[in-house]
Amino acid sequence: MEEKQARKLICEIGRLLYERSYVVSSDGNISVRLDENTVLATPTMTCKGRMTEDSLALTDMEGKPLSDKRASSELAMHLLIYRERPDVRAVCHAHPPHGTAFAVAGLAIDKPILSEVILTLGCVPLTDYGTPSTEELTAAMQPFVKHHNALLMANHGAVAYGENLRQAFDRLETLEHTARIAILAKILGGANNLPSDAIEKLINIRERAGYLGKEARCQACGYLHQTGLSCSGGEIAGSSDGKRISFTREELIELLSQAARLS
Ligand SMILES: [Zn+2]
């Protein structure tokens with residue numbers, strides 16, 4: 001993307017993040033990958049609703065400054081995503097209240113409750129807590145970046161990314177909207193999950209329409225395993241660290257009855 005246009009767009013999306021209460025104070029950060037080795041990012045300690053086009057910072061892919069402006073302290077999170085996903089050209093990190101409530105409660109946004117979300121975003125995993133702006137945070141996120149387009153960070157917030165900044169923002173907004181609906185449905189007695197045959201149809205549609213590719217079948221969400229669809233990319237995201245294991249309903253019942261027989 002052309003730099004001048006990117007500067008304008010980052011300020012526009014920054015205002016949207018602030019106006020929609022996805023960030024307060026100097027929270028959050030945005031970046032655009034201008035070319036193979038240049039990133040334009042929001043500056044450190046600045047309210048995203050009040051940025052000027054000349055306040056943005058240019059860095060290389062190692063985070064080395066290419067101008068006199070200092071980039072956000074969370075730049076490492078953005079650089080990790082660009083390294084893992086060459087298709088990604090923009091990243092948007094914020095603390096949207098409903099999505100962040102899931103992250104604070106230790107929950108992923110991974111229930112099959114909304115057809116359009118399965119079509120356009122897929123599920124959003126919860127990555128382990130890591131101190132902001134340190135390697136702890138990027139190490140916790142790394143196993144999930146490849147197969148997902150948005151992540152929750154435990155006790156912190158959310159990040160979404162895409163082929164351009166508008167797509168990254170839209171994905172963040174879908175994440176927040178889904179979290180809000182899930183919380184409201186819980187107040188009304190709980191959301192009904194879509195059945196596995198309906199999920200399978202949605203996944204076929206999203207692949208035919210090009211909303212999400214086959215690699216999204218490897219997302220870390222339980223409902224994918226209930227369908228007859230397999231993850232062609234090999235491993236399910238995040239399963240290689242040995243900490244996250246998921247079972248089908250039948251497997252879980254079998255394990256519980258085995259445990260009951262033993263006790
Ligand atoms: Zn943050």
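## Strands and how they pair

Two strands count as paired if DSSP finds at least two bridges between them. With that in mind, let us look at this predicted model. Strand 1 (residues 29–35) and strand 2 are joined by 4 bridges and run antiparallel. Together, strand 1 and strand 2 make a hairpin, with 2 residues between them. Across this pairing, R33 sits opposite V39 of strand 2.

Strand 2 also has a partner in strand 3 (residues 57–59): 3 bridges link strand 2 and strand 3, and the two run antiparallel. Here L40 has L58 of strand 3 as its bridge partner.

## The two sides of strand 2

Which way do the residues of strand 2 (residues 38–41) point? T38 and L40 point one way, while V39 and A41 point the other way. In a regular strand, side chains alternate between the two faces of the sheet. T38, V39, L40 and A41 are all buried.

## The zinc site

Now to the metal. Which protein residues are donors of the zinc ion? They are H93, H95 and H156, each through its NE2 atom, at 2.0 to 2.2 Å from the zinc ion. Along the sequence, the donor residues follow the spacing H-x1-H-x60-H.

H95 has a relative accessibility of 23%, so H95 counts as partly exposed. The cut-off behind this is that buried means under 20% relative accessible area.

Methods: Residues numbered from 1 in each chain as written. Predicted model: local features only at pLDDT ≥ 70, side-chain atom pairs only at ≥ 80, totals over all residues. Heavy atoms only, no water. Donors = N, O, S within 2.8 Å, 3.2 Å for Na, K, Ca; no water. Buried < 20%, exposed > 50% of the residue type's maximum accessible area, 1.4 Å probe, protein only.
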